[in-house]
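Please open the structure in your viewer and keep the sequence beside it. This tour goes from one selection to the next and says what is found at each stop.

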Amino acid sequence: MKLLLLTTFSLFVFTSFDQAESSYYDKIVTHSRIRAKTKGPNVCALQQVVGTKKKYFSTCRNWYRKSICGKKAMVLYECCPGYMSLDGTQGCPAVAPIDHVYSTLDIVGATTTQEYSDRSNLRKEIEGIGSFTFFAPSNEAWTILDSVIRNALLSNVNIELLNALHYHMVNKRLMTKDLKNGLTLQSMHDDQTLLINHYSNGVVTVNCARILLANQIATNGVVHMIDRVITAVGYTIEDFIENDEELLSLRAATTASGVLAKLGKKGHYTLFAPTNAAFDKLPQDVLQRILSDPVALKALLNYHILESVQCSEAIMSGSAYTTLEGSNIEIGCDGDSLTINGKKMVNRKDIVTTNGVIHLIDEVLIPDAAMQVLELTSDKQSTFYDLVKETGLSEALRADGEYTLLAPMNDAFTESIMALDQRMLKVILQNHVLKPKVALSELFNEQKLQTLGGNYLRVFVYRTAVCIENSCLIRGSKEGRNGIIHTIRKVVDPAKKSMLEILRADPRFTIFLSLMESADLLDLLIAEGSWTLFVPTDDVFESISPDEMEQLKSNKNALRHILMYHLLKGVFIGGGIEYGVTNILKSYQGSRVMVKLVNETLLVNGLKSKESDIMANNGVIHVVNSLLYPKGELSTFYGITQIYLFYHNLIISDKPVFILVTKIIEGDPKLLEDEEIQKLLQGGANLRIFPNSAQSCILRQKGLTG
């Protein structure tokens, strides 16, 4: 009983001090305890990859996905590090006894390391006085060690094996909270270095060997069991490249670019090193172009380098990392294989050096910055790429030039476009190549951009969209060596005609144009500027008699207010309207217009547009099937009374307005009870109304004015 109490007290003393500051590893273990709380005290929930012996204290991401590295993982419940189960009790209510490091090797199950400590005469040292950290290889780690290396160690146990074991030791006690990411430790073998990495997913590595079981406290130190035997390294990444025959092409490229020297300096790097075979896979014209361009070559090589150490055992799922070039790559895993940008290409991993780690890959990674702008098209833009090649337009894109490509998606190329001859297709495509290189951040509203064909395209900037003419940009712009590519939704067709010219050429808008002429507003439709016009077709006016139409035209002031409500200052195209949200715009008349995009249909004051985005060189036209009125006022022009709409539009100043009343078409019967209305209907004098008069008040009360 005294021994048990002493053991418990000693464990309490050590762990109390150590938990003053927790690490990622400690937090993951704590979460594992919480997940297993129904299984009894001190039980941890782990995940084991099905078909392997690999076990992990998992992150929330892996836990809820029920997978690690894309492979199914089953849940295990085991005693948390340092605890033991007792027969007849739930969970793990007992603590493992504390003893010296040698005996602790047996407690964690590192019996082969314990045996080799015996054979190398290390036992006496780790049973004695001191404070050690022992990164002890598991039994399986010794089994998978190259047989040549293992036999060499066992053939000279007093020197080679002892030195190897000393390389796994540090002459002070270090818990996981002390094993900071990027920490370099001096081992007990000639002070050779050990590189520690402590990742946010709780994985801790020593020279890329993963700690399987941590913080097993001993009376003279601590034992951490690791998944492989680590060997001493004395070379940098630069040294490895210079001496490995598989990396001759990489050696030549890094030497020419000056990148190799950087990899010989102190630091913490990860190099994805393309082999000779990887360079041989590249098309020769692409390879020669990059090799002859110092900027592109340096960008390519830096795209293979991370300024952090990413060991394979720390990768449990895909994550993005920033390269020295500045772009991101995604490092993931598929079972035991590492993946880069979703592809298996690592054929040798975890080559540890004094300043980082190397993974050999069988493909060359080419960043956007080292590619020609046309090469940045995706599979969804293959039609654009093929047409640019077929029409010979690609020859105009010089490697030393600067361009902006507007690349439509494949479905933007309709059958009618594809049926055009090569000459016409080239003319269309020239409108998708801009002479300057313009980034998304450099675009501004009403900016004009010159195309390779000599035309000018307008830019329209909205709250959630940027559009060029009637084609809006899709996220995912890329910058290459000689330009920038923007993905767009539609094929761009620069507008050549004014709104007036477009409407005159379409017989659907004859009446609307006659009203604009009567109101002296035609000049607005031809003048330079940026307008949005909601134009009703002729069939909207079918219910109006010739006399009523003539009277409407005769009252120019009222007519102007009606028509100017259909006109907005600024270009508002359908793709620029924020989807599903009511956009409050101001008409040229002054009242608000409510515009909304629902199911790819433009709604104007709740009315569906029959046709949208007819582009003119001074604006855009949307076809509507009704005259428009400010929300809250008369909802249909010929539904209540013509004259009351005129009242609303004409009561805008302190000057009296005289209007001849003809008849009531329809409306609220109570209106007939009004004394002034009765006078009008009985043929009385024309009504004179002031804005603040009693009659004006009556009309507002009847809901006939705004």
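## A tour of the disulfides

Begin by selecting Cys80, which is buried, with a relative accessible area of 2%; here buried means under 20% relative accessible area, exposed means over 50%, and partly exposed lies in between, with a 1.4 Å probe and protein chains only. Before going on, note that this is a predicted model, in which local features need pLDDT of at least 70 and side-chain atom pairs count only at pLDDT 80 or more, while totals for chains, interfaces and linings use all residues. Residues are numbered from 1 along each chain as its sequence is written, and side-chain values use heavy atoms, with hydrogens and water left out.

Strands (E, at least two residues) and helices (H or I, at least four) are DSSP runs, numbered from the N terminus. Cys44 counts as buried, at 0% relative accessibility, and the link of Cys44 and Cys80 is right-handed, with 105° about the S-S bond.

Next, select Cys69 and Cys333, which form a disulfide with sulfur atoms 2.0 Å apart. The two cysteines join distant parts of the chain, with Cys69 in the loop between strand S3 (67-68) and S4, and Cys333 in strand S17 (residues 328-334), 264 residues apart. Because the torsion about the S-S bond of Cys69 and Cys333 is about -90°, this disulfide is left-handed. Cys69 counts as buried at 8% relative accessibility, and Cys333 counts as buried at 14%.

Then move to Cys208 and Cys311, whose sulfur atoms are 2.1 Å apart in a disulfide. Cys208 lies in the loop between strand S11 (204-206) and strand S12 (209-218), and Cys311 in the loop between strand S15 (305-306) and strand S16 (319-322), so the pair ties together parts that are 103 residues apart in sequence. The torsion about their S-S bond is about -70°, so the disulfide is left-handed.

Finally, select Cys60, which is partly exposed, with a relative accessible area of 41%. How many disulfides does a search of the whole structure find? The search finds 5, and, with bonded cysteines counted along the chain, the disulfides follow the pattern 1-4, 2-8, 3-5, 6-7, 9-10.

Technical notes: Disulfide = S-S within 2.5 Å.
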